[in-house]
Amino acid sequence: MKNVSVLGSTGSIGKQTLEVAAANPDKIKIKALAAHTSDALLEEQINLFQPDIAALSDETAAQRLRARYTGKTKILAGEEGLLAVATYSEVDTVLASMVGYAGLRPTLAAIEYGKDIALANKETLVAAGSIVMEAARRHKVSLLPVDSEHSAIFQSLAGGEHKEVKRLLITASGGPFRGKSKVELENVTLEQCLKHPNWSMGRKITVDSSTLANKGLEVIEAHWLFDMPYEKIDVVVHPQSVIHSLVEYQDGSVLAQLGLPDMRLPIQYAFSYPERFDNAFGQLDLVKAGQLTFEEPDLEAFPALKLAIECGKAGGTLPCAFNAANEEAVYAFLEGKIKYLDIPLTIEKIAARHQNILQPTIEDIEQTDAETRRLTREILAALY
């Protein structure tokens, strides 16, 4: 039995995690939940799973829930409540699925308390990969990937030794704008961005997928998760999203993990490893899947991918700056304040101005994030 805390339980990954738990009640026990502002949905989750504690990082939302909730679950609030869920003594595994940089501190706290991490928050490793991985080694905790691509690599790496790996191949669907030129992307709308052809995800990550910034973040995450140099990590566009990623070995063998484009499958594997639970969410039918195709990513039309990899290679605080700039630009686009192509343009301006700290402390990371967000908002405000 895994006793689990879910950080970000009302988001897309969090909700699917609870579906996995509901399908495996004899194997997964939800002991703690945390969300940001969605008090009504969190209350539904509390009533269904009866956790010991639950938290809303937004104080006002927590007050609303406390005013009407009469059950046994203890309702916590603010950052203190969030950290309590991350470090709860009755929990052995923390599902980290908070959106963006906000997941870093709670994930680090969970590691420091010896909790195994099922990681769905790639920004944690993008912003502070060296710090997080060192903490995981020091506290002897497992850090298992939940992203479908990294879960696929993790599974495919079981087929050989680390020293035998020639390269990791991270697949990308190409998003809703695959095949479009930079000129054709000038006036795309938010509605078009949010129509991902294969995956059902949150708004922020869906925009990231359309710009391929998300794939750049995944390259950085793979570098840290699998201790692999950037020169051995490539991205290939695979529109069908059936092959979730591949590992090429030095003898020419290529091992791949295939499955339905359903996040519940890698979520479940992160909880079941090294075993495999029965699957309640459907099986891949290769005949129905049909033709599987592959393409090179278009780095001219989607420069955010190249920018992310360059920032990853530079290391230090630059990946954190990339992430902060991307988050601020994407949120501005979601609010209708900027155009689509302003997202990579803004990131490029930030990366060019950033004064990189090559061996950052957590304080350096936090200062970089805060200062980059301030500067990014200034740049965005000046655009229109």
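Is E161 buried, partly exposed or exposed? At 49% relative accessibility, E161 counts as partly exposed, where buried means under 20% relative accessible area, exposed means over 50%, and partly exposed lies in between (1.4 Å probe, protein chains only). The residue sits in the loop between α7 (148-156) and β8 (165-172); helices (H or I, at least four residues) and strands (E, at least two) are DSSP runs, numbered from the N terminus. In sequence E161 and Y249 are 88 residues apart, yet in space they are 9.0 Å apart, C-alpha to C-alpha.

The structure is a predicted model, in which local features need pLDDT of at least 70 and side-chain atom pairs count only at pLDDT 80 or more, while totals for chains, interfaces and linings use all residues. Residues are numbered from 1 along each chain as its sequence is written, and side-chain values use heavy atoms, with hydrogens and water left out.

Helix α7 is mostly covered, with eight of its nine residues buried. These are S148, E149, H150, S151, A152, I153, Q155 and S156. They pack against β7 (143-145), β8, α10, β10 (243-249), β11 (254-258) and α11, contact being heavy atoms within 4.5 Å. Helix α11 (residues 264-272) is itself largely enclosed by the rest of the structure, because eight of its nine residues are buried. The buried set of α11 consists of R264, P266, I267, Q268, Y269, A270, F271 and S272.

Turning to helix packing, two packed helices are described by the angle between their axes and the distance between the axes. For helix α5 (residues 104-112) and helix α6 (residues 122-139), the angle is about 10 degrees and the axes are 9 Å apart. That makes α5 roughly parallel to α6. Here, axes are lines fitted to C-alpha atoms, for helices over the stretch in contact, and angles run from 0 to 180 degrees between N-to-C directions; angles under 35 degrees count as roughly parallel, over 145 as roughly antiparallel, 65 to 115 as roughly perpendicular and the rest as oblique. On the α5 side the meeting residues are L104, T107, L108, I111 and E112, and on the α6 side they are T124, A128, I131, V132, A135, A136 and H139. This contact is made up of eight nonpolar, three polar and one charged residue (Ala, Val, Leu, Ile, Met, Phe, Trp, Tyr, Cys and Pro count as nonpolar, Asp, Glu, Lys and Arg as charged, and the others, Gly among them, as polar).

Another residue of α5 is A109, which counts as buried at 12% relative accessibility. Apart from neighbours within four places in sequence, A109 is in contact with L83 and T87. In the loop between β5 (93-96) and α5 lies M98, buried with a relative accessible area of 15%. M98 is in contact with L7, G8, L82, G103, P106 and N121, again leaving aside neighbours within four places in sequence. V6 and M98 are 92 residues apart in sequence and 9.0 Å apart in space, C-alpha to C-alpha.

With 22 residues, α16 reaches 32 Å from its first C-alpha to its last, close to the 32 Å expected at 1.5 Å a residue; the expected span is 1.5 Å times one less than the number of residues.

I365 returns in the largest nonpolar core, where L168, Y340 and I365 touch the most other members among its 85 residues. A nonpolar core is a set of buried Ala, Val, Leu, Ile, Met, Phe, Trp, Tyr and Cys residues joined through side-chain atoms within 4.5 Å. Helix α14 (residues 318-334) gives the largest share of this core, 10 residues. A second, separate core of 33 residues includes L18, A61, A62 and W199.

Most residues other than glycine have a negative phi, and most peptide bonds are trans. L212, however, has a positive phi near 70 degrees; it is found in the loop between α9 (203-211) and α10 (213-225) and is buried, at 4% relative accessibility. D227 has a positive phi of about 50 degrees and counts as exposed at 59% relative accessibility. A cis peptide bond joins Y273 and P274, with omega about 10 degrees.
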